[in-house]
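Some notes on this model follow. Please check them against the coordinates.

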Amino acid sequence: MSNEVMNNDAPEQEKQYSSARYAWGAFLAFFGISSATHRGSKKRKKLIGDILVYIILLFGSFLMIYPFWWMLAASFANTSNLGTSTDILNRLVWWPSLSTADPDYNGAHGFFTNYYDLIVGGNNRGFDLAVPGLTFWRVLLNNLLYSIVPVVVGVITSASAAFSFAKIEWIGRNVVFYFLLAAIMVPGPSIMTAQFCMYDALNWRDNGLVLIIPGLFGSIMTAFFIRQFLYGMPTSIIEAAKIDGAGYFRIFCGFILPLAMPAIMAQGLLSFMGSWNNYMGSFIMIDRDQKSINLPHALALLDESQSSIPGGYAVVIAGSVICVLPVMILFACFQKLIISSLMLTGSKE
Amino acid sequence: MENNLTANAEAVSEGAVAGEAVLPQKKQKKPINQQKLQDNLWGWIFCIPLIVGTVWFVYICLIAAFLLSFTDYSMIGSLPMFEYLGEMGKHLAYNEDTGATDILWWYKQVFTETIKPVGTELNQMGMYLFNTVFYMIGIPIGMILAMFFAVCMTRDIPGANVFRVIYYFPCVASTVSIVYTFRLMFSNAGVINQLFGLQTAVDGEAFTWLQLSGNLPLTWNKLLGKDVTTQFMNEPFWCQGILSKAVIIIMSVWKGLGGTIILYIAGLSGVNAATKEAAQIDGANGWQIFWKVTMPDLYPTIFYNIVTAVIGGMQIYAEPVLLMDENYLTSGYVSLIWEYGLNGMNASPSTGAAYGMFLALIIFILTMFQFWLDSKNKD
């Protein structure tokens, strides 16, 4: 701004500038920056800034996407040419045509050999090598069970608690709320030994109940975020329903659940992703020779069993793609809902 | 249920009408009380599952872990945990040398356990804590990068929302998948070494990012191509594992960036536009506006981010262990809890509980320290 004011006076003074200085000024003006000799245009400045920002953001996006791209390419790797120049490990992959250029994709399943071996369990490359008798479908079913049942029930119990905290006046409400909220201060690893012993005594560990039952009771963070959302909702709806003779249960099912659906959906999706990727829970609580382990845990065991086999990485990466893909697709479908919920609640996950 | 409630509500309103007509002062209280009773009843009913879950799976477990750390619980041969804790008096921890009861025995053990990787003995807990704190280098890096990208994304350009989604992708991906991909990308002949031409960087050999024993003995002198004769530069111990730690930091920054960016975008959109405009009219340039107007408004977001990042950072476990297996050079503190408390039949949950209680204490103190700094800042 101040530069512009000066520039208005500049022609009257008719100062002499050296040609180098003049050229520099012209150069800056091209990018919209004002100097003593030239005046830059604001429009040009904005345009140049936008282009710069685009370049930066595109470069960043490339860094964010490339590992996934590489993962996808590596999952199609041909493991019959290990150590040669066509081995995917020794190569930068920019485009999948590089990997399709291999003439000797062995096996009947072409590019999908790794996926086929993982899913069907052929060539000693399936989950049954890690855990005897474990099939891919069993692991997938486990993971779906662990991430759908506790999340659906848990988000409803959380929403009911949120409704109680946000819209019903009862004695000791705030005390109870802060008592529950204080639980997030307790770090999970600190109490995991006691949890392990308790679940062991209850016999919930190896049958997988440990990954289902605690989730059914809801989580205080989910309740907290839905409560924030409900605070923004007018109480007059509830008052009107009460006057019309609806009980609280009716109000909850008929008004709160539909009206708070965006928040409930977003929190449910986020906790679904958390449960789907819950490596720690299965790893800590379920013994490594059980068939009730979830997908990330099974992948880790698969990696262990493949580590001594040359080219074993390819089937592990194929499994990684299968593990990542559903949550990526889910997130891509509901990105607007999830990101607006994240921005509203200010939580990271 | 519904009929019942409706009938109740009708009874209430009838009562109110009757009360007004006959005895206005005395009976007016009754309907209000009934409403209050309903409120209290349903308030409790709606949040009882959450209360039960939180108390059972967090608070009771916290108390149990605290008590366990004073006893001598073992995986096999001990009673189920609650029965065991019921007769805790009989099972107090004892000094394994003298046999005398010593309830702080496990705490003394965990603080004095040593390992001897090189000539000198080192405190084990210290090593693991050092690793954990070392990984926190990623926090400021991630914060600055996220701030930079968030400012770029809040610029008025078409398609900014698409970038948000792209940058958030790593956050939703499974840690296990990410670790295995990064392990291959950082392998000796892998993508990263190729891209930066590091195949012949150390004495004609490739950068071994992920092998603690690769081109050993790796020293700082070798890594930097220098020839300084201090112990720090020549002793392999000081350099071992540093590249693996770097990979873990890169990975966690990459994975956590999107979440932080979204928080910053939320914070940036809350910055007062009028103040910005006023500053602009007063002649402030973009840089000044950012530091003097935007940053103070963003302070709560940044503070929240730092607090959660430090709490999360203290609990790092899966990334280093999946990438490098459990070892004293790269593993975080939590792997001690797993290794001593839960791993296998010979594990001692009491030791694990003692480690866990100390972790909870550290996190509590760090959080309180941050809040103290915050309150000091505001004065």
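1. Helix α7 of chain A meets helix α11 of chain A through Val155(A), Ser158(A), Ala159(A), Ala161(A), Ala162(A), Phe163(A), Phe165(A), Ala166(A) and Lys167(A). On the α11(A) side are Thr222(A), Ala223(A), Ile226(A), Arg227(A), Leu230(A) and Tyr231(A). Contact means C-beta atoms, placed from the backbone, within 7 Å. Helices are DSSP runs of H or I, at least four residues, numbered from the N terminus. By class, this contact has 11 nonpolar, two polar and two charged residues. Ala, Val, Leu, Ile, Met, Phe, Trp, Tyr, Cys and Pro count as nonpolar, Asp, Glu, Lys and Arg as charged, the others, Gly among them, as polar.

2. The model is predicted; local features need pLDDT of at least 70, side-chain atom pairs 80 or more, while totals for chains, interfaces and linings use all residues. Residues are numbered from 1 along each chain as its sequence is written, with chains lettered from A and ligands numbered from 1 in written order.

3. α7(A) spans residues 136–167 and α11(A) residues 220–231; their axes come within 8 Å and cross at roughly 50 degrees. Axes are lines fitted to C-alpha atoms over the stretch in contact, with angles from 0 to 180 degrees between N-to-C directions. The crossing is right-handed (near helix turned clockwise from the far one by less than a right angle).

4. Chain B has 18 helices and two strands (strands: E runs of at least two).

Conventions
Two residues are in contact if their C-beta atoms, placed from the backbone, lie within 7 Å.
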